[in-house]
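Subject: Handover of a structure and the findings on it

Dear colleague,

Please find the sequence and the structure below.

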Amino acid sequence: MALLILAACLLAASTWRIYSNTWDEPEHLAAGIELLDKGRYEYDTEHPPIVRALMALGPYLAGARSFGTPPPDGVQEGLDILYTGGHYDLYLTLARLGTMPFLVMLLFCTWLWARRLTRSEGEALLAVLLLASVPPVLGHAALATLDVAAAGTVLLALYALQCWLDSARWRDAVFFGVTAGVAVGAKFSAIPFLVLGFLVLAGAQWVVRRRVVAAGARERAAGVHGGVGAAECGAVVQSGVGVAGVAAAERGVVAHGGAGGGRVAAAERGGPALTVGEARQVDVSVARRRLIGLALIVVMTMVPLAIAYGLRSPGANVVAHKFDWAIVFLQHERGISHDAGVLLQHLWLPTWVKGFFEGIIALKAHNDSGHLSFLLGQQRLTGWWYFYLVALAAKTPIPLLVCGPIGMVGLAHEGWQAKDAWRLAPLVLFLTLLAFASGFSHINIGIRHVLVLYPFMALGGAHLLALAWGVLRKAALGPLAVVGQGVLVVLVGWQVLTLWTAHPDYLPYFNEAVTHPEQVLVDSDLDWGRICDGWSSAPPRSRYLS
């Protein structure tokens, strides 16, 4: 796995000296340099500061300093930093280097998810390989922007969330709280992603637990305490999602569970399932721990945000002025937005909290007003509900596009049969996040806003390929089995060879089904304002400039 991650980082880094800066990179750099140099954070505050500060750290240590260009637009400030002093290549390379840890995080978190879904290390490695061979992922990982960082931190936070829902342990609550805070501090889109992820994953856990209890009740009513009961309880203990599984994971709950605790221990050994009454006792104990865990999550989420927004020097007047604007904006809205504005106006809030809320409200204002977008030859200010569907279809390598969704459905089916919420999670999260982005986002400017969907597709694709390979190996089909295995090898080879055929143009990559990319998507899906420092004499079909 380490070699796969290293290879992905080297491929992304190989494009640094080929392309100039995108439209967004100067402003991200300017905001980070301003924070490190002057302790202020005033450029484009609808993005939080954590990743920007990390990207700016390298250029700052190399001598880059803020020029003090009046906010809120930091593009000119960023261009001045890059072009003044003859250090353009150095500063841009160091800023882009700051994104590499988040590519590592994204790939490693995919490995963590895969290891929880399967016992096969080969399948987990295949999932990482499929994700690392998605050109848009490498293309955005090679830039000093926020999108790969957002995908990596959200994926890690969702993993931590699933661990906590699975175990109810306090250490997992702390883990989720910290990772959620970092994700929100990387990009504000993490807020709806994590809230929705919490709701659907908790719902999946609840449904699975109810099914486990119902299965146990049916077994007891039928007087079956042998093989079937042991199998059901074994599924509970293995998946860790049933009432018995949660309680057994928490020794403190078992110790105070009375008769239920004894039956949990029996279930852990493969004995009869819990009764409904015993399950309710355990539910109360687990619910108590979850309430404490929720409190820990809230507190720990605030820690990274307080550190990030508290780094600024005492500039409460500037923050208060921008916060007052945000309150006025909300009060001119209707419904819950108006009520939130009235409430915030009457609350005393620390300066860092005001800066945090002002950024969220600025992003809401941007989304409400929309952003000029392009899709299939048309322009629109408020976007299209099917924008991300088209973007996924056009920007995803065909092998992953075919295998990923089928594999996620297969995983979910297996999870439903085995009462395993982990295997339900990829499909549930993929559909939820895609539905939210399609239905509520009016800023349709690139596949980069939903890069977090690709790890779930990679998990599904790896599962389908591994399952098909295993079936073909065991099937007595003779030459047909060999042909089938050959097809699987071709699919994986096709996926991986995409990195060679697309290099170095990972950002403007479109799959083979798209003959005229410039008529489908532009902006950050095509060139993003970059200038190429040198192309081969016969550029591939995917290379286009607006």
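In this predicted model, helix α9 meets helix α10 through Thr153, Val154, Leu156, Ala157, Tyr159, Ala160, Leu161, Cys163, Trp164 and Ser167 on the α9 side and Asp172, Ala173, Phe175, Phe176, Thr179, Ala180, Val182, Ala183 and Ala186 on the α10 side. Contact here means heavy atoms within 4.5 Å. The residues of this contact comprise 15 nonpolar, three polar and one charged. In that division Ala, Val, Leu, Ile, Met, Phe, Trp, Tyr, Cys and Pro count as nonpolar, Asp, Glu, Lys and Arg as charged, and the others, Gly among them, as polar.

As to conventions, residues are numbered from 1 along each chain as its sequence is written. Local features need pLDDT of at least 70 and side-chain atom pairs count only at pLDDT 80 or more, while totals for chains, interfaces and linings use all residues; side-chain values use heavy atoms, with hydrogens and water left out.

Helix packing

Two packed helices are described by the angle between their axes and the distance between the axes. For α9 (residues 147-167) and α10 (residues 170-186), the angle is about 155 degrees and the axes are 8 Å apart. The axes are lines fitted to C-alpha atoms, for helices over the stretch in contact, and the angles run from 0 to 180 degrees between N-to-C directions. The crossing of α9 and α10 is left-handed; that is, the near helix is turned anticlockwise from the far one by less than a right angle, whereas clockwise would be right-handed.

The crossing of α1 and α6 is right-handed. In α1, the residues Ile5, Ala8, Cys9 and Ala12 meet Met100, Leu103, Val104, Leu107 and Phe108 in α6. This contact of α1 with α6 holds nine nonpolar residues, no polar and no charged ones.

Aromatic pairs

The structure holds 15 aromatic pairs. Rings of Phe, Tyr and Trp (its six-membered ring) pair if their centres lie within 6.5 Å; planes under 30 degrees apart count as stacked, over 60 as edge-to-face and the rest as tilted. Tyr41 and Tyr309 form an edge-to-face pair, with 6.5 Å from centre to centre and 85 degrees between the planes. Tyr41 lies in the loop between α2 (25-38) and α3 (50-61) and Tyr309 in helix α16 (residues 276-310), so this pair ties together parts that are 268 residues apart in sequence. Tyr41 and Tyr309 are both buried, where buried means under 20% relative accessible area, exposed over 50%, and partly exposed in between (1.4 Å probe, protein chains only). Ring pairs also link Tyr41, Phe188, Tyr309, Phe356 and Phe357 into a cluster.

The rings of Phe193 and Phe436 have centres 6.2 Å apart and planes at 80 degrees, so they too are edge-to-face. Phe193 in helix α11 (residues 190-222) and Phe436 in helix α22 (residues 421-440) are 243 residues apart, and their pair links distant parts of the chain. Phe193 is buried at 6% relative accessibility, whereas Phe436 is partly exposed at 22%.

Backbone features

Most residues other than glycine have a negative phi, and most peptide bonds are trans. Ala168, in the loop between α9 and α10, has a positive phi near 65 degrees and is buried, with a relative accessible area of 1%. Lys419, in the loop between α21 (398-418) and α22, has a positive phi near 55 degrees and is buried at 8%.

The peptide bond from Pro71 to Pro72 is cis, with omega near 15 degrees, and Pro72 is in the loop between α3 and α4 (75-83). The bond from His503 to Pro504 is also cis, with omega near 0 degrees, and Pro504 is in the segment after α24.

The protein as a whole

The secondary structure comes to 24 helices and two strands. These are DSSP runs numbered from the N terminus (helices H or I, at least four residues; strands E, at least two). Of the 546 residues, 54% count as buried.

Yours sincerely
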